[in-house]
Structures are given as C-alpha cells and as structure tokens.
Amino acid sequence: MTLLWIAIAVLLLPALWLLVSPLRKARALHDQQHDFEANDTSAEQNVAIFKRRLASLEAARERGDIDAARFDEDRLELERSLLEDTAYSERRPLKSASAGRIVVPVVMLAVVAVSVIWYQQKGAEGDLVLFAVQQEVQNDPDGSLAMYIERMEEQAERQPDNPNVWSSLFPLYRETGQMPKAVDALERLIEIEGRIPPLLAQLAQIRFFMAERQLTDDVQALVDETLEQDPRQPTVLGLLGINAFDNGDYEQAIDHWRRAIANIEDPNTVSSLRDGIRVAQERMGIEPEEAVAEGNGIRVRVALDEQLAGRVNDNDTVFITARDLEGELPPLAVVRAQVSELPMTVTLDDSTAMSPQAQISQVREARLVVRVSPTGQATPQPGDLFGDLESVSIGPIAEDETAEVVINRVFE
C-alpha cells in the first residue's frame, strides 16, 4: 500500500506544479500590466480623434453641406461616442503581485484531499489489500487454508461492503464444509450485488444440498426466481436434474442436464453432467449416450427446387444446419457451401459442431434446416430461400441412409 500512495503522490505532483505556476509568473505579469497602464495613451487618442471629426463637421456646416439641425445632431453623436470611449479609462489600482497567494495552497490542499477521498470511495484499495493477503499466505511456508480464511474474515470486518471479500469467503466456507457460514457469506454478497441469477442459483444449490437434496419451499422459491430471470441458468438446471434423478424421473433429469450443458463452459462440469446422463440412460434401460455417440450423425442430400433457380446466384451462401427439436440449444452442426455446389451431399457430425457443449451426438433426433443467403449472413433475412425436415433420426452414419432436403420456400 505504501507504493500505491507513493504512486498517487507522483501523479499529483504535475497537477500541483501547474497550480504553483501562476505564482512564479505573478511578479512579471504585474510589472507588464503596470507598464502598459503607465504608457497607455488611448484616452488622448480618443480626444484627438474627436477634435478632428468635430473640425470636419464644422467645415461642412460652413460650406453649407449640412444645416444647423444636422450639425447639432452629428455633434451630439460625436460627444456621446467620446463619452463611451473614455467612460472606463480610469482603472482601479493594480493589486500587489503577492495578493491572493493564499488561495493557491488552499486549492492545492483541496486537490490532494479530494483525490484521496475519491480514491478511498471509488478506488480499489480494498481489493489490493485482499491481493496482498492472498500473496502473503501463498508465500508463507506455514500458510494454510485456515490461515487464509482467518485473514479474509478480518478483512470482512474491515471491508463489510466489499463484494470481493464475500465472493472469496463463500467458496472457502463451502470447500471446508462450513455451510451455514457459506450461506451467510452468499446472502451478504446478494445484498451488495443484488438478486442476480448466478448468485441466486448458487444459494439455491447450497440450500438444496444442506436440505439433503430436497426441493424445499425455500429452494423452490429461489429456483423460480432464478428461472424467471434466466430460464437457461445452468446451475439451477443441474439442481433440477439431480432432483428429478433422485425421484426416478430419469428422462426429465436428462433433459435438464442437457440444457445445462449447452450453457456451461467448464469442461469438468460438463463431464460430470454427461456422466449423470449416462447413468440415467442406464437406469432407463437404453444404451448410454457415450457408447453410441462415436460416429453418430447424419448424411444430408441438398437440392434446389428448379422453380427457384432463377432467384439465386452461383456464389450465394448455403447454410446446412442441424438443431435440437426444442430449439433450446445452439446449432448442433453447421456446414457452409455455395449454390454452385448444389445438389450436394454432406455429413453432419460432431466435427461440424459450433460448440463442444452442443453436438449432434447429444441428441437422437434433430431438425434439418437449409437456407440460401445472398448476403452470407448467419441470421435469416427476408427473401432468403430455405427448406427443412422437422425430425430426422441421429445414429451411426451409413452410406445407404441419406436425408433429402429440398430448398423450395422463401423466407418472409
């Protein structure tokens, strides 16, 4: 922290130097202004100009160019102009060059104070302390998880409103089996961060396991609140899958776990859920997914309706896509081609998946959609041509089994 404050001081020095700069130039500016005022002849010049104009005006009257009324009017205008030019010629005395010097140090102190207070309110000083604690424990040969928890609890007392303190304590309590403390830490974090789906899902999960895997009223309320905000929240879907599995509803458990997998990036969690799916399938008396997944996919032959051939160009993009029947997962497989290649036969399998969390081998049936896009955009646009098959069985790829899709409609 000492280095931090030294860095802040170094950053403030240029600002303070700029504030001091006017003081260093005050004497020179005062002398320049004094010389200017002492040698200022603007008043004399204004009077001389007035006299020349008045003389010219009198000469015009004597020549008869203007009458007496016009002369009086123009003279009055000249006198008014002279008064306006000389009204502010008398200046106030210059103040001393040292006048107002006290304001500069006051402003300097205010800048420093505001900077320090602002950083304490908005800065990351507390997070730097947490990082220092973590580094200290890691570098201590006698450091332990218990010591780390103790040091973090000290910071929780000092920084009760820092969400990073509670987000660090919650998993520590959970890993060490201190479930009541884990719930308290998580609830405190929710008070600070708000009732957002990821935090509510974790609270529902930990209360679910504390209730011996029972979907109590409290847990159900948290599940409902989470799904209302995010129907695809993977932690809650995983929890519901466990509950369905425990109740013998293996098909429902598989459905929840598959939807959870589509929104999880952690490969270890995905592997655990797939193990659960495999066990559920064994309990249902069907061949486990992993045993039949290798080589699973589908061959698709794509053709263009001759009546629509005039609406496309050879270089238009063709998207051949497989999706789950419910439409809840990302595309399971995608192949991109051009109209010039039609008719063509392609194979959709896991090698054409867009994401490892959503693969065609995860389902037993899929919907095929083929779309022609003149712009090459992945999102359907009005005027695109398409064709589809609502339900196609997914299994071991065979040369003699090919699904036929004809592009025969216009997207509106």
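I looked up Glu212 and found it in the loop between H9 and H10. Helices (H or I, at least four residues) and strands (E, at least two) are DSSP runs, numbered from the N terminus. Glu212 has a positive phi of about 60 degrees, although it is not a glycine. I noted for background that most residues other than glycine have a negative phi, and that most peptide bonds are trans.

Before going on I wrote down that this is a predicted model, in which local features need pLDDT of at least 70 and side-chain atom pairs count only at pLDDT 80 or more, while totals for chains, interfaces and linings use all residues. Residues are numbered from 1 along each chain as its sequence is written, and side-chain values use heavy atoms, with hydrogens and water left out.

**H9 and H10**

I then checked the helices on either side of that loop. Helix H9 (residues 197-210) and H10 pack at an angle of about 155 degrees, and their axes are 9 Å apart. That makes H9 roughly antiparallel to H10. For the angle I used axes that are lines fitted to C-alpha atoms, for helices over the stretch in contact, with angles from 0 to 180 degrees between N-to-C directions. Angles under 35 degrees count as roughly parallel, over 145 as roughly antiparallel, 65 to 115 as roughly perpendicular and the rest as oblique.

The crossing of H9 and H10 is left-handed (the near helix is turned anticlockwise from the far one by less than a right angle; clockwise would be right-handed). Among the residues making the contact are Leu200, Ala204 and Phe208 of H9 and Val219, Leu222 and Thr226 of H10. Contact means heavy atoms within 4.5 Å. By class, I list 9 nonpolar, 2 polar and 3 charged residues for the contact of H9 with H10. Ala, Val, Leu, Ile, Met, Phe, Trp, Tyr, Cys and Pro count as nonpolar, Asp, Glu, Lys and Arg as charged, and the others, Gly among them, as polar.

**H10 and H11**

Next I followed H10 (residues 217-229) to helix H11 (residues 234-246); they pack at about 135 degrees, with axes 10 Å apart. H10 and H11 are therefore oblique to each other. H10 supplies Val219, Val223, Thr226 and Leu227 to the contact, and H11 supplies Val236, Leu239 and Leu240. I sorted these residues into 6 nonpolar, 1 polar and no charged. The crossing of H10 and H11 is left-handed.

**H6 and H7**

I also looked at helix H6 (residues 145-158) and helix H7 (residues 163-175), whose axes come within 10 Å and cross at roughly 145 degrees. H6 passes H7 in a left-handed crossing. The contact includes Tyr148 and Met152 of H6 and Trp166 and Leu169 of H7. Its residues divide into 10 nonpolar, 2 polar and 1 charged.

**The largest pocket**

I found about 480 Å³ of space in the largest pocket. It is lined by 17 residues, and Ile254, Asp255, Arg258, Glu326 and Arg364 lie nearest its centre. The lining divides into 6 nonpolar, 2 polar and 9 charged residues. Helix H12 (250-261) and helix H13 (267-284) each supply at least two lining residues, and H12 gives the largest share, 6 residues.

On a 1 Å grid over the protein atoms alone, a cavity is a set of points where a 1.4 Å probe fits but cannot get out, and a pocket is an open set with protein on both sides within 12 Å along at least five of seven lines; lining residues have an atom within 4 Å of a point. Grid points are joined across faces, edges and corners, and a volume is the space filled by probe spheres set on the points.

Arg259 lies in helix H12. I noted that Arg259 and Leu329 are 70 residues apart in sequence and 7.0 Å apart in space, C-alpha to C-alpha.

Last, I found a cis peptide bond joining Leu342 and Pro343, with omega about -10 degrees. Pro343 lies in the loop between strand E3 (333-338) and strand E4 (344-349).
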